[in-house]
Structures are given as C-alpha cells and as structure tokens.
Amino acid sequence: MGKFVNGVDEFFTFCEENEVEFVDFRFTDIKGAWHHISYRMSAVTAGQLEGGLPFDGSSIENWQPINESDMLLKPDVDSAFLDPFTADSTVIVICDVYDIYKNEAYAKCPRSIAKKALKALDEAGVADEAFFGPENEFFIFDDVKIVDNDNHQSFKVETDEGHWADNADYGEMGNMGHRPRIKGGYFPVQPIDPAVDLRAEMMQVLEDVGLEVMLGHHEVAQGQHEIGIVFSDIITAADNVQKYKYVVKMVAHLNGKTATFMPKPIYNDNGNGMHVHQSLWKDGKNLFYKEGEYANLSKTALDYLSGIFAHKEAVASFTNPSTNSFKRLLPGFEAPRILTYSSQNRSAACRIPYGAGEMATRIETRFPDSVACPYLAFAVLMIAGLDGIKQGGYDLVGPFNEDLFELTREEIAERGIPELPNTFRDALEGLEKDYDFLAPIMSPEYVQEYVDYMFDRHVIPVEGRPTAFEYISTYSC
C-alpha cells in the first residue's frame, strides 16, 4: 500500500477527511521501544510539524542529562496513519529526534542513525537503493506470570497449544487434545493451529495501517506465528517493524491474549527470529545478481556478506541485543549461528532464497531477532556490508549445501567455519574492540555508551541471578 499523505498540506486534508481528534507523535528509543505524546488536533499547526515539538529527553532511558533535557520531535508527516485501536479518531506520526544543543539530528535517535546509513550508502557511490525485508516471528500466550524477587526467580507462560496442557482441566468445554507438540507447529491446519482467525485479524489491521501483507502461518514452535510483509527501503522497513509489533501486540491484547517477540520464551522449543532479506540496487539494477554464479550471487553480494560476518560481534550486539537472544542461538533449535552461506539452506546464518532472476536475488541473514531496534539493526548490517565491499571482501567460508545443524562443534572448528559469539557479553566485548567501521553512523562515545548501557541493563543483572536449573545442578553439591 502507498502513503496516506504527502506533505503538510495533505496531512491536514487527511485529518479533516477522517475527522481526526488527536495526533499521536511517536519516536523510538535505544531499545527499539516506541514512545508517544498525543496532541489535540486543534492544537497542531503547520509550524509545529515543520519546526518540531518539544519534549523532555532526560526522561528517556540513557538519553539526555537533566541539565540539557530539552529536545525536539521532528514529525515525518508522510509516515502518518490512523491508529486502528483508539476510541477517538487518532492519527499516528513517526518522528525523528532533533538535538537543539548541536543543531543537528540527535546522535542517539535510532531513526536518525538509519538515515546516516543511507547517507553513507550515497557517499560510497556503491548503490542508490537498499531494500530490506524483515521476517518477524512471535509467540501468542494465554497467560504469563513473572517473579523477580531476591528469594524467588521464576516465570510461567501458558498456551493451550503447549504439550504441558495435555492434562489441563478446561471445565465443561473439555480438553480437546489437538496440539502441535515440540517443533511440530509448521503449517498444521485447524484445530492444531487454533489462531487462524486471530492472525487473519492481525493481517487485516496491518493492511489498514499501510503495510503490504503477503501471508500468515503458524511457525515451528508451540504458540508461534509469523506474518509476511513486503520488503521496502531501510527506513520504511524499520518503520514497518514498529507498526507490525504494535499491531500484533494490540490485536492479541484485545482478544484476551498476549503476544511477545522475545527470542526464547520457551525452553526446549524453537525461538523467535527476525530474518532480514537484503539487496543493493543502482540505476534500477540489482547489484547482488550475477547470472551463472553460485545462486546467482555477484561478488558485490559476497563482499557485502563478508563484511557482516567479519564484524560478527559488533553486528550481533545490535541485531541480537539481549542475553535471551543467545539462548535462541544454540544448536538443536534451527539456530542459524554458523557463519557461512548456502542456497535455499536454512541451517546457514545466511540463506540465499530461491528466486527466479534478478528481481528476486538477495541474501537473508537469519540470526537477527526482534528484540533488536530495527533502525539500528538494519543500519549496522548495511554499514558492515558496505565495509566488506570497500575492503574488496573479507575471508568468507562457503558455500555449504549440507545440513550444518548435523555438524558437531569439533567438525565446525575443523572446517574453519566461524560462528556467532556465544553470549551477549561476548558480542559487546567484541564491539568494544571493533567499531571503526561504524564511524559513518556512530561516534566512539555513542558505542561506549551503548556497551555500558547494555551491560547494565542486560548482562550484569542476568549473570547475577540464579536460575532453577542452577539449583538442580549445584544445590546439593
């Protein structure tokens, strides 16, 4: 679907036609979370849309100090769409953040960082377009309970699809017994797939907010799902991830369910990924395509991929930015942690999807997940890829057409195939040593702040908390 508005004048016309009562201005923080402030439509002027709206940057985690807290939201009116969930007609406008102290785009604004990546692409002269197509998987649960006390650490999720519900008492309705089982959820029909209507509602609402939806299906794990969205440019693709997550969570919520994009919410079953399809184009030509080469991949495509793999720790610190991310990236759960490429092979960290000809040729990095801030993840993937092209290609192992999941760790090492870092700590420590390639989009100070923030928010708190399994394995020692 195309844009709803084009420019400030069309924005006001759109609002008038839809009897808009409120304008909801949204921006993204370093974690990838949306924040918002709602204005009465009558209070919004063309001057505000063009000049910006003030807000307190010190109240956003890891942003401004309190003595330099004033910042501006710069609305991108072309991003406007109607909120499908509010009782009163509300239009949502996605914003960039502006630094009034430096008179420039805010260095910590993820959307502004992604725009810097586009500028770097233009300045490199390599390509004039970059297309990104994320695939965001999610779980739908019926109930979630979390305890985080000094003497009690636990979580419990419930879904009627879980094998643990085999003996659950459902009262007069009864326990129907139709469940996908562990790793049994890929493409079953009803009643094993009970969420057909719920996904259909999600797909319809996603179209209402401007996304072009292709398909929806049950995924491999119990309670896991995916909805396929058409690719776009890097900014629109990241905007679409934010819309996608908002719609999926809200539709589930309004139906008495809870949706999560957490990478590994269930032990012993597959986790949620955000596979990212990528290609670079120039003058209408796909730079990743060369007929007759392996999977029709050009040297440019391989050089680009080599840059992503060469900077694996730094890249993973943005594409998999949580300790939970690396619980997904373990052998045995279709975890694409082996850094090689392969045609139509989902066991490699980079799959070359099947497609006929130039229009369909692309790479698919399969290790990212949806905890990632999409603007940062896409920007870092592209900057790493551009560095690979600039360097003429780093060492790249592959291709491999065999099932890499069958290889032991020793066999992987013997073949010299690199792997993703094992933990979020490893990724962040790698980023501290390898960040020069990020200079077009991030300063060294920003990188260090990001590392420190993620250590404080994710790594140290998780490493300091005992788990149930640690009690099992060490309590009686």
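Trainee: Why is Glu402 called partly exposed?

Mentor: Glu402 has a relative accessible area of 32%, and since buried means under 20%, exposed over 50% and partly exposed in between (1.4 Å probe, protein chains only), Glu402 therefore counts as partly exposed. This is a predicted model, in which local features need pLDDT of at least 70 and side-chain atom pairs count only at pLDDT 80 or more, while totals for chains, interfaces and linings use all residues. Residues are numbered from 1 along each chain as its sequence is written, and side-chain values use heavy atoms, with hydrogens and water left out.

Trainee: What makes the contact of Glu402 with Arg415 a salt bridge?

Mentor: The term requires a side-chain nitrogen of Lys or Arg within 4 Å of a carboxyl oxygen of Asp or Glu, and the closest N and O atoms of Glu402 and Arg415 are 2.6 Å apart. The pair links distant parts of the chain, 13 residues apart, with Glu402 in the loop between α9 (374-390) and α10 (409-414) and Arg415 in the loop between α10 and α11 (424-433). Arg415, at 39% relative accessibility, counts as partly exposed.

Trainee: How do you know that Arg40 and Glu21 meet in a salt bridge?

Mentor: The N to O distance between the side chains of Arg40 and Glu21 is 3.3 Å, and the pair counts as a salt bridge. Here too distant parts of the chain are linked, since Arg40 belongs to strand β2 (residues 34-40) and Glu21 to the loop between α1 (8-17) and β1 (22-28), 19 residues apart; strands (E, at least two residues) and helices (H or I, at least four) are DSSP runs, numbered from the N terminus. Arg40 is partly exposed at a relative accessible area of 41%, and Glu21 is partly exposed at 34%.

Trainee: How many salt bridges does the structure hold?

Mentor: There are 27 salt bridges in the structure. Lys156 and Glu158 form a salt bridge at 3.5 Å, N to O, and Asp76, Asp96, Arg111, Lys115 and Asp239 are linked in a network of them.

Trainee: What makes Val144, Ile146 and Phe155 a nonpolar surface patch?

Mentor: A patch is made of residues with over 30% relative accessible area and no salt bridge, where nonpolar side chains (Val, Leu, Ile, Met, Phe, Trp, Tyr) are joined within 5 Å and like charges within 9 Å. Val144, Ile146 and Phe155 make such a patch of about 340 Å², the areas coming from the Shrake-Rupley method with a 1.4 Å probe, and for residues only the protein chains shown count as cover. Ile146, in strand β9 (residues 143-149), is exposed because its relative accessible area is 66%.

Trainee: Which peptide bond involving Pro191 is called cis?

Mentor: The bond that joins Gln190 and Pro191 is cis, with omega about 5 degrees, and Pro191 lies in the loop between β10 (152-158) and α4 (196-208). A cis bond also joins Gly398 and Pro399, where omega is about 5 degrees.
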